[in-house]
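Here are my notes for your review. Please read them beside the model.

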Amino acid sequence: MLGKKTLTFMLMDAPFENARTTTALRLIDIAARRGYDVNVFAYEGAVYLPLAAQAKHANAVHGTDAAEEDHPLPREWVAAVMEEAARNGGKLDWVNCGLCVDERGASESIPGVRRGSPADFWKMASASDNVLVIPTK
Amino acid sequence: MADYILIESRDPFESAEVGRFLELAEGLAKEGSEVALFLVQNAVLAARHGARTNLPNSGRTASLAALAANGVKVLADSFSLQERGISPNRLLPGVTVAPLSAVIDHLASGRRALWH
């Protein structure tokens with residue numbers, strides 16, 4: 001367990017849909033806190049995770065406005081794990097599958113996200129100590 | 001021989017495929033691999049004390065307690081248990097409570113990882 005490690009994760013779930021997203025980001029956060037280098041390849045619906053247009057909203061049922069509701073946004077979680085990695089001497093390289101982005105019109109991502117292809121996943125996996133693929137159901 | 005971290009996220013009472021995944025864990029352990037089975041999200045429901053010994057739709061699959069007795073290290077995510085109001089003191093024999101960081105430990109040590 002000693003020494004800096006490089007871990008690669010492939011995520012496939014769209015945000016706001018499944019607990020897998022939360023678990024995946026928890027895992028990435030743990031690795032980031034250890035100062036590991038972390039690669040994330042976001043495939044299919046997961047390219048929406050860092051979508052810059054995600055917005056907090058009011059909740060009429062709760063009777064709260066957007067600020068009071070303080071709805072959690074995956075793009076903020078992605079930014080947070082990027083910051084956590086940098087704070088601990090690691091880096092988080094987040095690659096969105098370009099074809100998946102184009103299909104979904106999801107090109108406006110938060111800073112730090114780059115566009116790539118499945119070939120990038122292969123390169124990341126080849127250069128990592130380990131890889132975890134978290135598939136959709 | 002490779003060692004493994006198998007991550008089960010599904011409730012076995014919802015998905016019959018869970019039984020196959022547990023069979024895989026059992027088979028790898030019988031062949032001599034070190035195998036950790038990490039239960040997360042709804043998969044921890046099967047770890048409750050009093051949960052049915054034999055999982056549905058998986059007649060040949062060993063129970064979690066039997067897997068543990070046969071050398072599979074069965075771990076249950078502490079956060080998932082807490083979310084579901086399951087006391088860590090009310091789990092099946094052989095199931096150990098662990099933080100999610102245990103998965104990162106195994107990944108960092110180079111175990112082959114599978115998520116279901």
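1. E44(A) sits in the loop between β2 and α2 (66-69) of chain A. Helices (H or I, at least four residues) and strands (E, at least two) are DSSP runs, numbered from the N terminus. E44(A) is not a glycine, yet its phi is positive, about 50 degrees. E44(A) is partly exposed, at 29% relative accessible area. Buried means under 20%, exposed over 50%, partly exposed in between (1.4 Å probe, protein chains only).

2. On conventions: this is a predicted model, where local features need pLDDT of at least 70, side-chain atom pairs count only at pLDDT 80 or more, and totals for chains, interfaces and linings use all residues. Residues are numbered from 1 along each chain as its sequence is written, chains are lettered from A and ligands numbered from 1 in the order in which they are written, and side-chain values use heavy atoms, leaving out hydrogens and water.

3. F16(A) also deserves a look. It has a positive phi of about 70 degrees and is not a glycine. Its place is the loop between β1 and α1 of chain A. F16(A) is exposed, with a relative accessible area of 55%.

4. Next, helix α5 (residues 118-126) of chain A. D120(A), F121(A) and M124(A) are buried there. Viewed down the axis of α5(A), the buried residues fall within an arc of 105 degrees (taken from the directions from the helix axis to the C-beta atoms), so they line one face. The face turned away from the buried side carries exposed W122(A) and K123(A). The cover over the buried residues includes β1 (6-11), β2 (37-42) and β3 (92-97) of chain A.

5. S117(A) is in the loop between β4 and α5 of chain A. It is partly exposed, at 28%.

6. The largest nonpolar core has 53 residues, and F9(A), L11(A) and W94(A) have the most contacts inside it. Such a core is a set of buried Ala, Val, Leu, Ile, Met, Phe, Trp, Tyr and Cys residues joined through side-chain atoms within 4.5 Å. Helix α1 (residues 19-33) of chain A gives the most to this core: seven residues.

7. Which residues of α1(A) meet α4(B)? They are L27(A), I30(A) and A31(A), against S101(B), V103(B) and I104(B) (contact: heavy atoms within 4.5 Å). The axes of α1(A) and α4(B) (residues 101-108) come within 9 Å and cross at roughly 65 degrees. These axes are lines fitted to C-alpha atoms over the stretch in contact, with angles from 0 to 180 degrees between N-to-C directions.
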